[in-house]
Every structure is written in C-alpha cells, then in structure tokens.
Amino acid sequence: MTEPLFWLALSLFLVAVSLTAVIVVALPALQAIARAARSVEKLADTLSREFPPTLESIRLTGLEITELTEDVSEGVQSASQVVKQVDQGLDSAKQQAKKLQSTTGSIFTGIRVAWKTFNRKTSPSESQRRSGHRLSGNSRNSHQLRERNIQRLDLYSEVNFELEDEDLEENNNSFNQVDY
C-alpha cells in the first residue's frame, strides 16, 4: 500500500467517477437551463413585437380620455349656464307676478272705490251743498273747508280700508293658488 502509483490511479479513478456523477446529475439541470433560455428568448421576441403597439394604444386611450373629460367639462359648464338662466327666468317671472298682483289689486280697488262713490247715497247736507249757494273762494270760511275735507277723508278712509282688506284676502287666496 505504499505504492504511489496505485494511489495515483485510485485517485484518478475516484476523480473520474466523481466527475461522471456530477455530469450525470448536472445534465438535467443544464437541459432545464437551456429550455429556460429558449423561453426567455421567445418572451423577448413577443415583447418586442407586442409592446410598442400596446404602448401606442395606451397613449391613444389616454388622449381620448382627456378629450372626453374636456367635452364633459364643457357640457357641465353649459348645463350650469342653462340652470342659471332658468333660475333668472323664474326670479323674473316671480317679480312680474308680484307686480301684476299689485297692479291688479290696485285696479280693482280703484274700480270698487269709483263704483261705491258713484252708487253711494248722498246725505242731506251734501245735497244742500250741491244745490245750495256756491260761495266764491274768498268768502268761504276756513272752518267749513276743514269740515268738508275731514268728511271726505273719513269717507275715503272707510271705503279704502274696507276695500284694501277685501283685496288683501282675495290676492292672498289667488296668490296661494298659483303654482310655480
């Protein structure tokens, strides 16, 4: 056992067996690596063909979304302006309705006062004044003028307040029946 040649041959034999075992075990691993390399190459080819059109499609989609967003924004602004115009129109219609109600109430009040004035029965003192002597402006007594003005104011106030109360009730009823 002391022969060096024997130990050298045995060592070489064991190295050869070890290398054979390593190659036998590494062969399937090398085949798997080769298959993976081919798959990576195919993936790279597919990406080089498909990736640029996909990126272009994504860019065009982004541009279309931007255009649609601008269109929607313009539509919202247009709708907002229409709503403001409708609101102004409603406010104007309300003001005109109030003005018409006031004017109509005033006209009816004037007609009623005129009607009551024309149809009222004259008192004896008024008929005497109408048929009696007319004095010139200089000869009238200030006391008589004052009494006559007070009688007219009392008469007008009574008629006017009665009519205003009736008009307010009618206007409130008619205004409450109007739908906006």
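**Notes on the model**

Modeller: Go ahead, and keep in mind that this is a predicted model.

Colleague: Where does UniProt place the transmembrane region?

Modeller: The unreviewed UniProt entry puts it at residues 6-30.

Colleague: What are the helix and strand percentages over residues 6-30?

Modeller: That stretch is 100% helix and 0% strand, with its end C-alpha atoms 35 Å apart.

Colleague: Next topic. How many aromatic pairs does the structure hold?

Modeller: One. The partners are F6 and W7, arranged edge-to-face, with 5.5 Å from centre to centre and 70 degrees between the planes.

Colleague: Is F6 buried, exposed or partly exposed, and why?

Modeller: F6 counts as partly exposed because its relative accessibility is 47%. W7 is also classed as partly exposed, at 39%.

Colleague: Which residues form the nonpolar patch on the surface?

Modeller: F6, W7, L10, F13, L14 and V17, and together they have about 580 Å² of accessible area. L10 lies in helix α1, which covers residues 4-119, and is partly exposed at 31% relative accessibility.

Colleague: Now charges. How many salt bridges does a search of the whole structure find?

Modeller: One. E56 is bridged to R59, and their closest N and O atoms are 2.5 Å apart.

Colleague: How are E56 and R59 separated in helix α1?

Modeller: By about one helical turn, because they are three residues apart in that helix.

Colleague: And what is the relative accessible area of E56?

Modeller: E56 has 35%, so it is partly exposed. R59 is partly exposed too, with 46%.

Conventions:
Residues numbered from 1 in each chain as written. Predicted model: local features only at pLDDT ≥ 70, side-chain atom pairs only at ≥ 80, totals over all residues. Heavy atoms only, no water. UniProt positions renumbered as here; feature names shortened; annotations may be inferred. Helix = DSSP H or I, 4+ residues; strand = E, 2+ residues; numbered from the N terminus. Phe/Tyr/Trp six-rings, centres within 6.5 Å; stacked < 30°, edge-to-face > 60°. Buried < 20%, exposed > 50% of the residue type's maximum accessible area, 1.4 Å probe, protein only. Patch = residues over 30% accessible without salt bridge, like charges linked within 9 Å, V, L, I, M, F, W, Y side chains within 5 Å. Areas by Shrake-Rupley, 256 points an atom, 1.4 Å probe, with all protein chains shown as cover. Salt bridge = Lys/Arg side-chain N within 4 Å of Asp/Glu carboxyl O.
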